[in-house]
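Try each task before you read its solution.

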Amino acid sequence: MNIVLKNKSDIPIYEQIKEQIRAAVLEGELKENEQLPSVRQLARDLKISVITTTRAYNDLMDEGFIISAAGKGYFVAPRNNELLRERMLCEMEQCLENAVETGRSAGLSDDEIIGYLKSVMEE
């Protein structure tokens, strides 16, 4: 697993870790029941705080992407495709709501917002 952090990004480090692990799980790069690096090892490898890696792992556990086995470490959770799909749909809905709100704040009409959405989908 290769995690690349961007220190100058507006996205917090824990969020970058979480997103990259989530993407690796969804894309099948990390397989079901595959062991992840320990919190301390990941922090050491990335040269960041253990608190940061702990936050990323806790969020991933809350979202159902990884599980913790006492004394053994962290593992990719068995896939519950319906649960993952539902969570991703909720996330997409939130992003779309934010986009519509931003568009309306910018004075765009609904047709213009839809036009932008279509152009993004075509990319």
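**Exercise 1: a helix pair**

In this predicted model, α2 passes α3 in a right-handed crossing.

*Task.* Work out which residues make the contact, then classify the angle between the two helices α2 and α3.

*Solution.* 

1. Start with the contact: α2 brings in Val 39, Arg 40, Leu 42 and Ala 43, while α3 supplies Val 50, Thr 53, Thr 54 and Tyr 57.
2. Sort those contact residues by type, and you get five nonpolar, two polar and one charged.
3. Now for the geometry. Helix α2 covers residues 39-46 and helix α3 covers residues 50-62; their axes come within 8 Å and cross at roughly 120°.
4. That angle makes α2 oblique to α3, because the roughly perpendicular class runs from 65 to 115 degrees and roughly antiparallel means over 145.

**Exercise 2: the cysteines**

*Task.* How many disulfides does the structure hold, and are Cys 90 and Cys 95 buried, exposed or partly exposed?

*Solution.* 

1. Count first: the structure holds zero disulfides.
2. Check Cys 90, which is in no disulfide: its nearest cysteine sulfur belongs to Cys 95 and sits 11 Å away. A disulfide would need the two sulfur atoms within 2.5 Å.
3. Run it from the other end: Cys 95 is in no disulfide either, with the sulfur of Cys 90 as its nearest, 11 Å away.
4. On to accessibility. Cys 90 has a relative accessible area of 48%, so file it under partly exposed.
5. Cys 95, at 46% relative accessibility, also counts as partly exposed, since exposed starts over 50% and buried means under 20%.

Definitions and conventions
Residues numbered from 1 in each chain as written. Predicted model: local features only at pLDDT ≥ 70, side-chain atom pairs only at ≥ 80, totals over all residues. Heavy atoms only, no water. Axes fitted to C-alpha atoms, helices over the stretch in contact; angles between N-to-C directions. Helix = DSSP H or I, 4+ residues; strand = E, 2+ residues; numbered from the N terminus. Parallel < 35°, antiparallel > 145°, perpendicular 65-115°, else oblique. Left-handed = near helix turned anticlockwise from the far one by under 90°. Contact = heavy atoms within 4.5 Å. Nonpolar A, V, L, I, M, F, W, Y, C, P; charged D, E, K, R; others polar. Buried < 20%, exposed > 50% of the residue type's maximum accessible area, 1.4 Å probe, protein only.
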